[in-house]
Amino acid sequence: MSLFSHAAIASLNNLEMMVYQYVIKNRDKVMYMTIRELAEVAGVSTTTVLRFCRKLNCEGYSEFRVRFKLYLEQDEPQQSQFAASEIISFFKSVNNEDFDKLIDEAVDIILASERIIFVGAGTSGALAKYGARFFSNVGKFSNHIDDPYFPVTNDMAKNALAIVLSVSGETEEILRFAGQFSLHRCKVLSITSHEHSRLAKLADFNLSWHISPIRIGGVYDITTQIPVIYILETLGRKLAKKMT
């Protein structure tokens, strides 16, 4: 089993995710750090680092360093900046039966719904439009809404599934909008960066991709959307197979 499997990463809480993100971004440094040094630079306690190690099926920090060294030796040559290591880690984490099962469950929910409504704002709004077009291309007619203040009605929500895209899963407007769909008894499937977000907890089903949000000046979101596109296209392709 991969050290950073999707199931293992999904089990991490917010503090443990801070350790994971530091490890992935500073793989060369981590190899030579003590547990106290890693805890200090990641901004957590040594207890959190130990919990992180155990959730990766390591008995302790020593075993984690041994397995991490093997992980690096099997990895591709050193990646350039542009968070390539995070993206590669994402693809490795979803290349397993656990994630395939999640995708299959999501596809079954989509198939059981008469109408699909993609929802997002900002960059996620652009991807909502892309998702609606992609699903329509494979034969499942879909709409998109990129205005979180668009009115939700009983007629719109009837027998529908809202696929809500949000990097943080904490945007108040999107949470309010998703809540409106739930109030109208419309199922909500969320695609977020982490399942501990409020949106993920509000949704009936969540798919997460575990990459830390990046903002310029604390406002402008420049987080990579490559995992979201991969998830949308994987859902669409599996959907197409089940519809034929």
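Which residue stands opposite Leu161 in S4? Lys187 does. The model is predicted: local features need pLDDT of at least 70, side-chain atom pairs count only at pLDDT 80 or more, and totals for chains, interfaces and linings use all residues. Residues are numbered from 1 along each chain as its sequence is written, and side-chain values use heavy atoms, with hydrogens and water left out.

**Sheet**

- An open sheet is formed by 5 strands with parallel pairing, in the order S2-S1-S3-S4-S5. Strands (E, at least two residues) and helices (H or I, at least four) are DSSP runs numbered from the N terminus, and two strands pair if DSSP finds at least two bridges between them.
- Strand S2 (142-145) and strand S5 (205-208) are the edge strands, each pairing on one side only.
- From one strand to the next, the twist averages 20°; axes are lines fitted to C-alpha atoms, for helices over the stretch in contact, and angles run from 0 to 180 degrees between N-to-C directions.
- Strand S1 (residues 115-119) pairs with S2 in the parallel sense over 4 bridges. Ile116 stands opposite Ser142 in S2, and Val119 stands opposite Ile145 in S2.
- The chain crosses from S1 through H9 to S2 in a right-handed β-α-β crossover. Right-handed means that, with the strands pointing away from the viewer, the path from the first strand over the helix to the second runs clockwise.
- S3 and S4 run parallel and are joined by 5 bridges. With H11, these two strands make a right-handed β-α-β unit.
- S4 and S5 also run parallel, joined by 4 bridges, and Ile191 stands opposite Leu207 in S5.
- S4 is largely enclosed by the rest of the structure, because 5 of its 6 residues are buried. Buried means under 20% relative accessible area, exposed over 50%, and partly exposed in between (1.4 Å probe, protein chains only).

- Contact means heavy atoms within 4.5 Å.
- Helix H11 (residues 172-183) lies across S1, S2, S3 and strand S4 (187-192), and runs at about 165° to S1.

**Nonpolar cores**

- The largest nonpolar core has 29 residues, of which Phe135, Ile163, Ile191, Leu207 and Leu235 touch the most other members. A nonpolar core is a set of buried Ala, Val, Leu, Ile, Met, Phe, Trp, Tyr and Cys residues joined through side-chain atoms within 4.5 Å.
- Two or more residues of this core come from each of helix H7 (84-94), helix H8 (97-111), S1, H9, S3, S4, S5 and helix H13 (226-243).
- Leaving aside its neighbours within four places in sequence, Leu235 contacts Ile103, Ala106, Val107, Ile110, Phe135, Ile191 and Leu207.
- A second, separate core holds 28 residues, including Ile9, Val19, Val44 and Val49.

**Aromatic pairs**

- The whole structure contains 13 aromatic pairs. Rings of Phe, Tyr and Trp (its six-membered ring) pair if their centres lie within 6.5 Å; planes under 30 degrees apart count as stacked, over 60 as edge-to-face and the rest as tilted.
- Phe64 and Phe68 are stacked, because their ring centres are 5.4 Å apart and their planes are at 15°.
- These two residues lie in helix H6 (residues 61-74), 4 residues apart, about one turn of the helix.
- Phe64 is buried at 0% relative accessibility, and Phe68 is buried with a relative accessible area of 1%.
- One aromatic cluster is formed by Phe4, Tyr20, Phe52, Tyr61, Phe64, Phe68 and Tyr71.

**Single residues**

- Gln21 lies in helix H2 (residues 14-25) and is buried, with a relative accessible area of 6%. Apart from neighbours within four places in sequence, Gln21 contacts Glu86, His210, Ile211 and Ser212.
- Ala160 lies in strand S3 and is buried, with a relative accessible area of 6%. Apart from neighbours within four places in sequence, Ala160 contacts Ser113, Arg115, Ile117, Cys186 and Lys187.
- Ala160 and His6 are 154 residues apart in sequence and 29 Å apart in space, C-alpha to C-alpha.
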